[in-house]
Amino acid sequence: MLSTLYAVLFYVATILLVVGVTRKVIIYARTPAPLKIPVSPAPRTRAGVVMRMLREVLLFQSLFRSNKWIWAFGFLFHWSMLLVLLRHLRYFTEPVWWWVSLIQPFGIYAGFTMLAGLLGLLARRIVQERIRYISGPSDYLMLALLILIVLSGLAMRFVAPTDIVAVKAYMLGLLRFRILELPAAAPLLVHLASVAVLMIVFPISKLMHAPGLFFAPSRTQVDNAREFRHKTAWADQLPPLPDDIPARGES
Amino acid sequence: MAPLDKNDASGSSADKGAADASSPDPLEIPRLSCGAMADLHSFEAAPEHNELLGFPGELLPNWKEVAIAKMGELAEKNRAFRVYLDTCVKCGACTDKCHYFLGTGDPKNMPVARQDLLRSVYRRYFTFAGKYFPKLVGARDLTREVLDEWYTYYHQCSQCRRCAVSCPYGIDTAEISMAAREILDSVGVGQKYCNEIIGKVKKTGNNLGLNPKALRATLDDLEEDLLDDTGVEVKIPLDQKGAEILLITPSADFFAEPHIDGLLGYAKVFHSAGVSWTLSSYASEAANFGMFIGSYENMREVAWRIRQAAKDLGVRRIIFGECGHAWRVAYSFLNTLAGPFDFLDQNYPIPQHILEFTLDEIESGRLKIDKSKNDDYVMTFHDSCNVARGAAMGREEGGQFEVPRKVLRAVCNHYHDMDPDTIRENTFCCGGGGGLLTDDLMDLRIKGAKPRMNALRKATEEHGVTHMAAICAICKTQFSKVMPKYGYGMDRIMSVHQLVANAVILEKRETDAAEKPVAEEST
């Protein structure tokens with residue numbers, strides 16, 4: 001019963017995540033940017049923009065320059081999360097890929113640094129007057145959800161060890177559309193449920209910052225407006241204006 | 001909280017704060033002062049001014065439906081608008097970046113809070129979460145109060161993009177602010193200052209409403225002054241067909257101080273370079289307030305006059321005078337709005353900035369300079385926001401910072417930069433940009449100038465800086481008004497080409513005949 005419930009939950013969550021994000025990304029990609037608005041100084045070439053985006057995505061360059069505290073917590077959280085996510089590949093692959101085994105020990109401890117990053121971000125939200133002012137319920141809930149995911153995950157390893165072999169069998173089963181027995185351990189159930197919630201809210205929440213980042217014209221456009229004429233379909237449809245000067249100097 | 005705040009601001013500010021306690025900190029963050037600027041409501045436009053721009057004259061009876069429809073239309077037509085409304089995570093990195101927030105402490109002047117005024121409504125009508133869980137995600141209905149709040153706070157944004165530089169997702173409040181003004185205009189609530197001025201450009205070709213005769217008379221006076229000053233016949237041609245260069249400059253250059261001195265500088269540089277050039281009475285304005293109100297159509301119409309003038313006069317090049325947002329429209333948008341410029345000489349950038357031209361003349365040695373003429377001044381340079389973050393110069397990334405500094409260093413012996421966190425891409429708006437250079441917003445303008453003025457004060461204390469140069473008509477007007485409030489004379493703001501004008505050595509040329517105006521009477 002529980003196994004089936006979670007199986008359905010994960011299938012639904014996966015579909016909503018994939019369809020929702022894909023739909024949004026398609027909308028972003030199809031929406032035209034009528035003008036050249038790169039925030040300058042901006043790269044003059046496409047290759048330069050790729051480098052700029054790599055610095056933004058991998059190093060959080062702009063955030064580093066603008067706020068060291070948020071950068072530190074955010075950087076710690078996101079990179080830890082990446083390690084943790086990659087480590088989790090071991091539950092979906094058999095045999096486990098060699099590089100996933102390699103990062104396994106780091107991935108375990110990344111759970112703690114991820115938690116530290118999240119708590120830091122939460123603390124700033126509460127303590128720092130300006131950020132408290134702009135924070136709404138969903139902002140706190142999102143942090144709470146992530147913290148819950150991390151805590152339940154850590155509990156599965158350090159507090160009440162879960163039968164991880166059975167969990168893996170269950171996950172591999174899901175990938176083959178076979179529902180096996182899911183261990184009925186509380187931390188595991190909380191962990192999986194909260195991850196499913198995160199997947200479901202992803203496309204309808206601020207988590208869209210992840211794909212959205214790649215569609216911000218201020219960062220992704222090449223600074224070459226003088227060399228190449230930037231055009232947009234709807235602007236081309238505007239009624240033409242006269243090329244010569246009509247009644248000159250009348251006022 | 002205080003120590004956290006101190007370390008908050010970017011990088012080096014913490015150590016600098018400790019280094020000199022007497023110096024005012026340009027990045028000092030105020031405590032929140034809710035509602036501090038809630039009552040500052042810029043004058044609204046009269047019906048005829050709205051209508052001239054293609055907007056309803058007065059608030060429409062069905063304004064709510066129209067506003068929401070307009071919001072949907074913008075989300076379809078402008079990727080920036082849609083993506084920026086979706087991607088903010090409320091990290092807070094931008095909260096201490098706006099000069100109006102730093103100057104007023106009003107939390108709604110924090111960039112993210114300013115965006116949220118509109119984002120909250122967008123969420124309510126266009127997102128799943130906002131439709132079904134409005135409280136959770138801070139979504140709210142569009143009401144008359146909300147509309148008024150938009151008007152108030154979107155006219156307290158100078159669209160300077162300092163927050164966009166700091167945002168990890170590149171969210172540009174200027175785009176949101178322009179969209180908000182476009183929505184307000186579309187329901188019949190326009191701002192007097194911007195809309196009146198755009199109307200004047202449509203009627204007369206410039207923000208001032210100067211007709212060609214009055215303009216020629218002004219230029220005649222300036223030519224006389226130049227002759228008296230230099231003993232050389234330096235011309236300022238108007239509507240001269242067949243000239244090589246069309247100069248598009250802000251109309252403030254014709255009448256305001258220190259703008260005029262900049263215009264005299266351009267004239268001297270052109271004279272010395274021996275090129276033929278002309279102003280146009282039809283396109284006698286570089287400024288394009290269509291950008292400020294986020295109206296693509298109006299911006300295109302104003303920009304189009306430059307194309308018409310260039311074709312009509314048969315020029316081969318277009319050069320822009322010192323104006324910040326005008327240079328953004330020129331550099332980043334003109335090709336899109338009024339191009340293609342296949343009828344111009346492709347060997348030169350289209351358009352070119354006067355500083356690019358002047359620097360070429362200096363570096364090639366054609367322009368003779370006597371730097372000592374500016375020895376009375378210890379200069380610094382105010383990077384204008386639209387040039388710094390919305391445009392560029394030269395071929396290299398960041399040329400918009402180097403070109404003016406190279407010119408200044410070439411014509412002045414004494415030059416010092418201000419605090420590194422307040423220049424280049426981190427520059428502060430003067431406080432009067434984005435369509436806010438109006439007396440009814442004077443309180444905001446004075447407070448918004450505070451970070452820049454504190455940075456200048458620091459440069460004065462550390463390096464003995466006496467004067468500040470700028471390349472924007474709005475910056476120059478704003479500073480000449482607000483500097484006295486911060487203990488500087490109004491003449492402490494200078495045009496970059498004013499300093500060029502001081503230092504340039506003019507040689508009398510025998511063949512001045514070629515430059516005799518021929519097409520003056522064409523009106």
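Trainee: How many residues of domain 1 of chain B are in contact with domain 2 of chain B?
Mentor: Keep in mind that this is a predicted model. In it, 28 residues of domain 1 of chain B are in contact with 29 residues of domain 2 of chain B.

Trainee: Which elements give two or more residues to the domain 1 side?
Mentor: Four helices of chain B: H3 (47–52), H6 (99–104), H10 (162–166) and H11 (173–186). By class, that side of domain 1 of chain B has 13 nonpolar, 10 polar and five charged residues.

Trainee: Tell me about H15(B). Is it mostly covered or exposed?
Mentor: Mostly covered. Of the 18 residues in H15(B), 13 are buried. From first C-alpha to last, H15(B) reaches 26 Å, close to the 26 Å expected at 1.5 Å a residue.

Trainee: What follows H15(B)?
Mentor: Gly314(B), with a positive phi near 70 degrees.

Trainee: Which residues touch the most other members in the largest nonpolar core?
Mentor: Leu246(B), Ala303(B), Ile306(B), Phe320(B) and Val500(B), out of 191 residues. Helix H16 (residues 324–338) of chain B supplies the largest share of this core, nine residues. Domain 1 and domain 2 of chain B each give this core at least three residues.

Trainee: Pick Ala303(B). What is in contact with it, beyond its neighbours within four places in sequence?
Mentor: Asn288(B), Val329(B), Phe333(B), Leu334(B), Leu337(B) and Ala338(B).

Trainee: Last one, the sheet. What is the strand order in the open sheet of chain B?
Mentor: S2-S1-S3-S4, four strands with parallel pairing. The edge strands of chain B are S2 (277–278) and S4 (352–353), each pairing on one side only.

Trainee: How many bridges join S1 to S3 in chain B?
Mentor: Four. They join S1 (residues 245–248) to S3 (residues 317–320) of chain B. Ile248(B) stands opposite Phe320(B) in S3(B). You have met Phe320(B) already, among the residues that touch the most other members of the largest nonpolar core.

Conventions: Residues are numbered from 1 along each chain as its sequence is written. Chains are lettered from A and ligands numbered from 1 in the order in which they are written. This is a predicted model: local features need pLDDT of at least 70, side-chain atom pairs count only at pLDDT 80 or more; totals for chains, interfaces and linings use all residues. The expected span of a helix is 1.5 Å times one less than its number of residues. A residue is buried if 20 or more other C-beta atoms lie within 10 Å of its own, exposed if 12 or fewer, and partly exposed in between; C-beta atoms are placed from the backbone. Two strands pair if DSSP finds at least two bridges between them. A nonpolar core is a set of buried Ala, Val, Leu, Ile, Met, Phe, Trp, Tyr and Cys residues joined through C-beta atoms within 7 Å. Domain bounds come from an automatic or database domain assignment. Two residues are in contact if their C-beta atoms, placed from the backbone, lie within 7 Å. Ala, Val, Leu, Ile, Met, Phe, Trp, Tyr, Cys and Pro count as nonpolar, Asp, Glu, Lys and Arg as charged, and the others, Gly among them, as polar.
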